[in-house]
Amino acid sequence: DLTGASPTSIISVVIFAAFLGVAALQLLKDDEAKGQRVLVAIDTLQSWVMKLVRLIMKLTPYGVLALMTKVVAGSNLQDIIKLGGFVVASYLGLAIMFGVHALLLSVNGINPLRFFRKVWPVITFAFTSRSSAASIPLNVETQTRRLGVPESIASFSASFGATIGQNGCAGLYPTMLAVMVAPTVGINPFDPVWIATLVGMVTLSSAGVAGVGGGATFAALIVLPAMGLPVTLVALLISIEPLIDMGRTALNVNGSMTAGSLTSRWLGMTDKSVLESDEHAELAHR
C-alpha cells in the first residue's frame, strides 16, 4: 500500500497509521520512557520530511513549467475547440464549488480572501501537477503553517481529501456526465429520486478513486454503469481530459484544506495568530 499498489492504498495507509498511533499511545501509557522515544522519533521524522517539502517547493517552478509544456503539447487544438463548451461548463461548475467553499468558510468566521491568498501556492501546484496525492505534503504544510490548523487534523484531512473527499474528480465530474447522458436513455435528470440515487452512488464510489491524474475518468466508469448509463461519453472526452483535470484537482485539494480548516475551527483548535497573520509575518517567522 505504501507503493500505491491499489486504488485504496492511501486509505489503507491512513488506517494503518491510525493503528500505529493508538499503539504508540498505549506504549506511552504502559512504558513512558519507550513511548517518549517513539514520539521523539516521529517528531524527528516529521521535521525531516518537512525540510524535504521545502526543498521541493523551491524546485516547483521548474517542474510546473515542464508540466504545463507537456499538457499544451499533448492536447489537440481541434478537439479543444469542438469540446470547448464542455470545458467552459466544467470550469463554471468548479467555480461554483469554490464559491461553496468560500461560503462555508465565511459562515464559520474565516475570511475567504485571506484563506485563498494563503492556499494559492497549493492550488497552483495541484492545478499543474494534476495529482491530489502529490499535493498532500504541501497541503499539510500550508494548513499547519499558514492556516493555524493542528497537524493531526491537517494530515487527516489532506490524506482523506485525496481519496474520499475529491470534490472535483469523484464528485462534480461523474455527476455532470451522468446528467448529460441521462436524457439519451429516457431518464429525467431532474427527478428527485434519481438525483438522490446519483448523489449516494457518487459518494460511495469516491472511496475507490485514486488521487492521481485522470482519476476522474475511473470515477465516471464506476458511476455511469452503476446508474445504468452508457460510458461512450467518457471516451469522447478523453482528448480534453488534462485541461479539465487541472481544475478538478485544484478543487479536490482546496476541498481538503477547507475541511481541515472548518474542523479545526469547530473544535476550537485553530491558532488564530497564524491564520490572521499576513505574508510578511509568516516570512519573518520562518
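Helices are DSSP runs of H or I that span at least four residues, and they are numbered from the N terminus. The views below show a predicted model.

**Figure 1. Overall arrangement of the chain.** Of its 286 residues, 41% count as buried. Among contacts between residues at least 6 apart in sequence, 77% join residues that are at least 24 apart.

**Figure 2. Packing of helix α5 against helix α12.** Two packed helices are described by the angle between their axes and by the distance between those axes. Helix α5 (residues 112-129) packs on helix α12 (residues 241-266) at an angle of about 140°, and their axes are 8 Å apart. This geometry makes α5 oblique to α12, because angles must be over 145 degrees to count as roughly antiparallel. The crossing of α5 past α12 is right-handed. On the α5 side, the contact involves Phe115, Phe116, Val119, Val122, Ile123, Ala126 and Phe127. These residues meet Met246, Gly247, Thr249, Ala250, Val253, Asn254, Met257, Thr258 and Ser261 of α12. Sorted by class, the contact of α5 with α12 has 11 nonpolar, five polar and no charged residues.

**Figure 3. Packing of helix α4 against helix α12.** Helix α4 (residues 84-107) meets α12 at an angle of about 10°, with the two axes 10 Å apart. The helices α4 and α12 are therefore roughly parallel to each other, since angles under 35 degrees fall in that category. From α4, the contact draws on Phe86, Val87, Ser90, Tyr91, Leu94, Met97, Phe98, His101, Leu104 and Leu105. From α12, it draws on Leu243, Ile244, Met246, Gly247, Arg248, Ala250, Leu251, Asn254, Gly255, Thr258, Ser261 and Leu262. By class, the contact of α4 with α12 comprises 14 nonpolar, seven polar and one charged residues.

**Figure 4. Salt bridge between Arg248 and Asp245 in helix α12.** The structure holds two salt bridges, and one of them joins Arg248 to Asp245, with the closest N and O atoms 2.9 Å apart. The two partners are three residues apart in α12, which means that about one helical turn separates them. Arg248 and Asp245 are both buried. Arg248 also takes part in the contact of α12 with α4.

**Figure 5. Salt bridge between Arg145 and Glu141 in helix α6.** Here Arg145 pairs with Glu141, and the closest N and O atoms lie 3.4 Å apart. Both residues belong to helix α6 (residues 136-145), where they are four residues apart, about one turn of the helix. Arg145 has a relative accessible area of 35% and is therefore partly exposed, because this class lies between the limits of 20% for buried and 50% for exposed. Glu141 has a relative accessible area of 2% and is therefore buried.

Figure 6. Pro137 is placed in helix α6. With a relative accessible area of 32%, Pro137 is partly exposed. Pro137 and Ala154 stand 17 residues apart along the chain, and their C-alpha atoms are separated by 10.0 Å.

Note on methods
Residues are numbered from 1 along each chain as its sequence is written. This is a predicted model: local features need pLDDT of at least 70, side-chain atom pairs count only at pLDDT 80 or more; totals for chains, interfaces and linings use all residues. Side-chain values use heavy atoms; hydrogens and water are left out. Axes are lines fitted to C-alpha atoms, for helices over the stretch in contact, and angles run from 0 to 180 degrees between N-to-C directions. Helices (H or I, at least four residues) and strands (E, at least two) are DSSP runs, numbered from the N terminus. Angles under 35 degrees count as roughly parallel, over 145 as roughly antiparallel, 65 to 115 as roughly perpendicular and the rest as oblique. A crossing is left-handed if the near helix is turned anticlockwise from the far one by less than a right angle, and right-handed if clockwise. Contact means heavy atoms within 4.5 Å. Ala, Val, Leu, Ile, Met, Phe, Trp, Tyr, Cys and Pro count as nonpolar, Asp, Glu, Lys and Arg as charged, and the others, Gly among them, as polar. A salt bridge is a side-chain nitrogen of Lys or Arg within 4 Å of a carboxyl oxygen of Asp or Glu. Buried means under 20% relative accessible area, exposed over 50%, partly exposed in between (1.4 Å probe, protein chains only).
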